[in-house]
Amino acid sequence: MNDLYDPLDKKQLLDVIEETHHKSAWQRFVSSQTGMIGLILLSILLFFTLFGPYLTSFTHLDINLSNINKRPGMTHWFGTDDLGRDLFTRLWMGARISLFVGIGAAFIDLVVGVLYGSLSALFGRKVDEIMMRFSDVLYAVPHILMMILFITVFGNGLFSIMLALTLAGWINMARIVRSKLLEVKERDFVQAALVFGSSKRRIILKHLIPNSVGIIITTVTYSIPSAIFTESFLSFLGLGLHPPAASWGILISEGIDALQYYPWRLVFPAIILSLTIYAFNAIGDALRDAFDPQRRHAL
Amino acid sequence: MLSYLLKKSFIFSLSLLAVVTITFFMMKAIPGDPFINEIAIPKEVLKSLYKHYGLDKPLFVQYLKYLKGIIHFDLGPSLVYQGRSVTQIILKAFPVTFVLGLQTFFLSLFWGLSLGIYSALKKAKWQDNTIGLLSSIVISIPNFLLASLLQYLFSVKLSLLPVARWESFAHTILPTLALSALPAAYMARLVKTSMLDVLSQDYIRTAYAKGLPFRKIILKHTLKNSFLPVLGYITPLITYLMTGSFVVERIFAIPGLGQWMIASIQSRDYSTILGLVVFYCAILLLVQFVVDILYAILDPRLRRREA
């Protein structure tokens with residue numbers, strides 16, 4: 001009789017259950033076609049982001065006025081721009097900026113959002129009410145206006161833009177984390193663990209965190225492409241980084257001006273940007289389905 | 001219902017006040033002002049300029065004066081365009097953006113609903129897969145890129161439609177198309193998911209079981225109930241139309257609010273930026289307010305829980 005309630009056994013049992021849950025989420029992700037396409041695309045993009053600029057003999061700032069607007073060819077794989085700069089190199093240097101801004105913004109969203117959301121959910125009652133009202137009011141302000149104001153006040157440096165992107169992003173994360181935690185807190189197995197006498201610490205570590213990891217990872221995956229999008233949007237309006245920096249937004253808006261006569265200057269950055277967004281979204285979709293199989297069955 | 005309304009209007013006014021306050025003090029925190037530029041202005045002139053625009057008073061007095069102005073729809077004078085008030089600018093530019101937004105709204109609603117319903121009915125068949133693929137492609141393309149490509153293809157290459165400006169209905173076609181692609185794709189996904197969700201409910205199975213024809217089930221039971229998530233998308237859609245108009249108005253040279261917003265940021269016309277931000281937020285909060293009320297009408301559970 002005593003063995004049945006041996007704490008070690010119970011712990012092992014719980015670990016096994018949780019492990020299988022995660023294993024199957026991973027397996028579901030691997031077996032999904034869109035997820036794998038996204039992952040492969042993203043790996044290729046990351047490879048070129050890291051090594052692309054070293055594959056050519058040019059830097060992204062080398063100006064060569066005798067070599068302007070060259071078609072894509074053997075020396076300049078993606079052609080050159082109106083200052084004779086090599087577009088291939090510029091594109092992958094731009095990838096560094098855009099991905100850095102996107103991933104950085106998503107990471108700040110993650111930290112602030114998870115902290116805020118879980119504090120709100122765990123304290124509950126009055127604290128929860130006040131924290132959520134505060135974020136509701138902030139959320140009501142159009143995000144893009146907040147960003148524009150922020151950039152007008154703090155300038156358009158790399159970090160100022162990254163911070164501007166997170167002004168509204170964290171609220172979404174906080175809301176999702178909070179509602180997920182509140183939902184898990186009420187589930188039968190948490191109540192059962194409470195009855196078994198598990199400590200608060202154990203419940204948080206063993207039940208609340210593992211059960212919300214899925215939705216957090218999914219939300220982060222979605223917020224990266226949206227940050228990249230917004231950065232390119234700001235650059236297009238002339239509110240983002242300034243040339244000669246080479247973020248994708250800058251390359252595309254320069255490319256649009258040159259569309260009629262030098263279409264390759266738009267085509268390459270546009271395709272790479274869209275592929276990146278597609279890859280992140282595809283991975284996000286696959287993760288969402290993998291962590292929430294019920295939803296997939298419904299579809 | 002009344003207490004629900006009261007609560008929502010309280011949140012509405014509080015949010016608006018917060019927006020005005022945050023924006024006002026942020027604009028005041030920017031170092032320098034539009035009068036300080038390359039040309040040196042004599043001290044006396046500067047002083048009288050400050051006096052004219054009320055900038056010599058303490059910050060809090062300026063803030064109170066601004067709040068008082070808002071109640072009378074007076075957003076103060078533009079600091080860059082002399083003799084023009086921000087209210088005049090809005091009155092002139094808003095109708096243009098409004099027409100563009102309205103056309104886009106209905107076009108994307110039409111495409112989103114019909115594609116979404118269609119792909120839910122053809123679930124996992126080639127029609128559904130094609131729509132799914134198309135919408136993920138559209139979602140991956142920035143709208144300024146799409147707008148430029150449409151303009152290049154239909155105006156520059158094929159000369160079918162006017163390149164830019166805002167004069168006749170033909171001028172509105174391309175901007176509307178460019179702006180509506182993304183929300184249509186989002187909405188198609190949303191409608192499909194929510195429709196499939198409704199179709200798997202018990203009451204639909206009951207309807208089948210009692211022998212109701214398929215047409216009737218879709219029309220009577222499914223459509224109405226799958227609209228609720230679409231209602232939730234209206235506020236993000238209006239926000240998107242607003243920010244999207246920044247880009248599209250710029251590409252097609254449309255004299256709307258978005259153009260003014262960008263122009264006033266570039267010329268550091270703080271009072272116009274402030275006025276436009278307040279105006280935009282007021283509109284969005286108003287939309288949110290109406291949507292909340294619509295929700296309560298459509299879903300009685302909500303108003304009971306929130307009241």
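Visitor: Which residues touch the most other members of the largest nonpolar core?

Guide: This is a predicted model. Its largest nonpolar core holds 129 residues, and the residues asked for come from chains A and B. They are A:Leu91, A:Ile252, B:Val247, B:Val277 and B:Cys281.

Visitor: What does B:Cys281 touch, not counting residues up to four places away in sequence?

Guide: Contact here requires C-beta atoms within 7 Å. With residues up to four places away left out, B:Cys281 has partners in both chains. They are B:Leu16 and B:Val19, along with A:Val141 and A:Pro142.

Visitor: How many residues of chain A are in contact with chain B, and how many of them are charged?

Guide: On the chain A side, 29 residues are in contact with 36 residues of chain B. Helices α4 (125-140), α5 (143-154), α8 (200-236), α9 (248-257) and α10 (264-291) of chain A each supply at least two residues of that side.

Visitor: Where in chain A is the pLDDT below 50?

Guide: The mean pLDDT of chain A is 79, and 89% of its residues reach 70 or more. The stretch below 50 has zero contacts in the model beyond near neighbours in sequence. Where pLDDT is low, the predicted coordinates should not be read in detail. The stretch in question is residues 1-5 of chain A.

Conventions
Residues numbered from 1 in each chain as written. Chains lettered and ligands numbered in written order. Predicted model: local features only at pLDDT ≥ 70, side-chain atom pairs only at ≥ 80, totals over all residues. Contact = placed C-beta atoms within 7 Å. Helix = DSSP H or I, 4+ residues; strand = E, 2+ residues; numbered from the N terminus. Core = buried A, V, L, I, M, F, W, Y, C linked by C-beta atoms within 7 Å. Buried ≥ 20, exposed ≤ 12 C-beta atoms within 10 Å, placed from the backbone. pLDDT = per-residue confidence, 0-100.
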